[in-house]
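Keep the sequence and the model side by side as you read.

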Amino acid sequence: MDRRELKPPRLGAENLGRRVVDYRPMRAGRPRAEVERLENGKLVLHNYGHGGSGWTIGPGAAAYVCDLLMRHADGDLNLEIAVVGAGILGLLTAYELVNRGYTRIKVVAEQFERLVSHHAGALLAPVSMQNEPDALEWVNQIAMDSYKFYAAVAQGKMPGLRAEGTRALPAYFEDREGSGLEPYVERGIMAAAKDVEVSFGNGTIHQLVVYDDSYYMNTAIMMADLRVYLEAHHVEFVQRRVCDLARDVAEPFVFNCVGLGAAELGDTRMIPVQGHLILLQGQVEADIQYQISVSMECGVTSPSGHKMSRYFYMFPKQMDEFTGVFGGTFIVGAGREFHETNNSEFEVMIRQAREFFGIKS
Ligand SMILES: Cc1cc2nc3c(=O)[nH]c(=O)nc-3n(C[C@H](O)[C@H](O)[C@H](O)COP(=O)(O)OP(=O)(O)OC[C@H]3O[C@@H](n4cnc5c(N)ncnc54)[C@H](O)[C@@H]3O)c2cc1C
């Protein structure tokens, strides 16, 4: 078995920067990616509900719904199209449309900044959804397409997207099954994981598996680059809330990329999943050139009483003055009404991470 010498991150009080709580837009059963013809003839292409894996499978999902449009509308590239939602799913969908040659695209959204798409950790992890067994093949397919997309970004091959928006870095997990990355290996997209003994140089050793060709995305860079590229291609951005897709959108072709907003538009399968993140500061960058994601004990949040899974992940994402990101929790059913109440989870997360890395507090 290989042995890898890693250094733990610095997790002193002075290294724990901005704390973030946000909500994954999970749809029970599967993310929604389908066509709906409304009574007034409008064609709606739904693209939302990717839970904690919206970044991981977003590019493939965007390509999939654009294929649906091409199947349902003739080859007219002058169709009037509205993309509702400006999170990663909306922007990737508009990007795909531009690259396929569509010329009349408008992005309509209630909010453009400080979205969950900006706050996400954004490591490659197709595991944070609640998919029915018959959705798995489709999810795997769009996950593979997404991996190829990010690999192309990292090689500077995607128009308008800086290579720094995506980074390949070894990713360590407890086991192959929990990583969610085995389907990529089975399809020959990623190299096989290796069993490794990881030493943190302080007497703490863990038996882990590592995928040396995994990715994480820099949410700030990618969101900014997508916006600049779309504006340069004459995509119009309009800030507006949509309450009814049939009534409030003039365009005959509508991509519905509203994330959790789908609940208010009538989708009863939407479930908010609360997550906690801490942005790290004062790190020695060279020391933390790896991604790690391990599960911790499950529990019940206090005082909101939600059953939850705890884990933590860490990787060196650079955003503003911060040099790493450290998460997280997965609290199914906890929406914005629990924004303050589950803050005690930050302390649990920090304690568990220090224990894992063998850091004495
Ligand atoms: C703590 C945390 C960590 C995460 N880590 C990862 C990770 O490591 N890897 C990963 O793949 N994913 C991760 N995610 C999940 C990821 O962030 C989401 O899956 C993704 O950002 C969802 O994008 P979206 O575009 O669907 O939604 P959003 O970013 O929420 O965008 C929705 C858009 O729709 C607009 N909108 C909503 N309703 C309306 C309306 N009625 N009218 C007009 N506009 C409307 C909003 O204003 C917004 O512009 C994480 C999430 C959290 C909370």
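H7 is the top contributor to the lining of the second largest pocket, with five residues. Helices (H or I, at least four residues) and strands (E, at least two) are DSSP runs numbered from the N terminus. The model is predicted: local features need pLDDT of at least 70, side-chain atom pairs count only at pLDDT 80 or more, and totals for chains, interfaces and linings use all residues. Residues are numbered from 1 along each chain as its sequence is written, and side-chain values use heavy atoms, with hydrogens and water left out.

The second largest pocket holds about 420 Å³ of space. Its lining counts 22 residues, with Glu113, Arg114, His118, Ala220 and Met319 nearest the centre. S2, H3, helix H7 (219-232) and S14 each give two or more of the lining residues. By class, the lining has twelve nonpolar, three polar and seven charged residues. (Ala, Val, Leu, Ile, Met, Phe, Trp, Tyr, Cys and Pro count as nonpolar, Asp, Glu, Lys and Arg as charged, and the others, Gly among them, as polar.) This pocket lies between domain 1 (1-25 + 170-213 + 271-361) and domain 2 (29-168 + 219-268), because both give residues to its lining. The domain bounds come from an automatic or database assignment.

A pocket is an open set of points on a 1 Å grid over the protein atoms alone, with protein on both sides within 12 Å along at least five of seven lines; in a cavity a 1.4 Å probe fits but cannot get out, and lining residues have an atom within 4 Å of a point. Points are joined across faces, edges and corners, and a volume is the space filled by probe spheres set on them.

Now the ligand. It is surrounded by 36 residues, and Gly51, Thr56, Gln111, Ser117 and Val242 are the closest; a residue counts if one of its heavy atoms lies within 4 Å. Ligand oxygen atoms lie 2.6 Å from a polar backbone atom of Gly51 and 2.8 Å from a backbone N or O atom of Ala122. The protein buries 95% of the 1,000 Å² that the ligand exposes when taken alone. S2 gives the most to this shell, with four residues.

The largest cavity has a volume of about 40 Å³. S15 gives the most to its lining, with three residues. The lining has six nonpolar, three polar and no charged residues.

How values were computed
A polar contact is a pair of N or O atoms within 3.5 Å; within protein, one must be able to donate a hydrogen and the other to accept it, and residues adjacent in sequence count only if both atoms are side-chain atoms. Accessible areas come from the Shrake-Rupley method with a 1.4 Å probe; for residues, only the protein chains shown count as cover.
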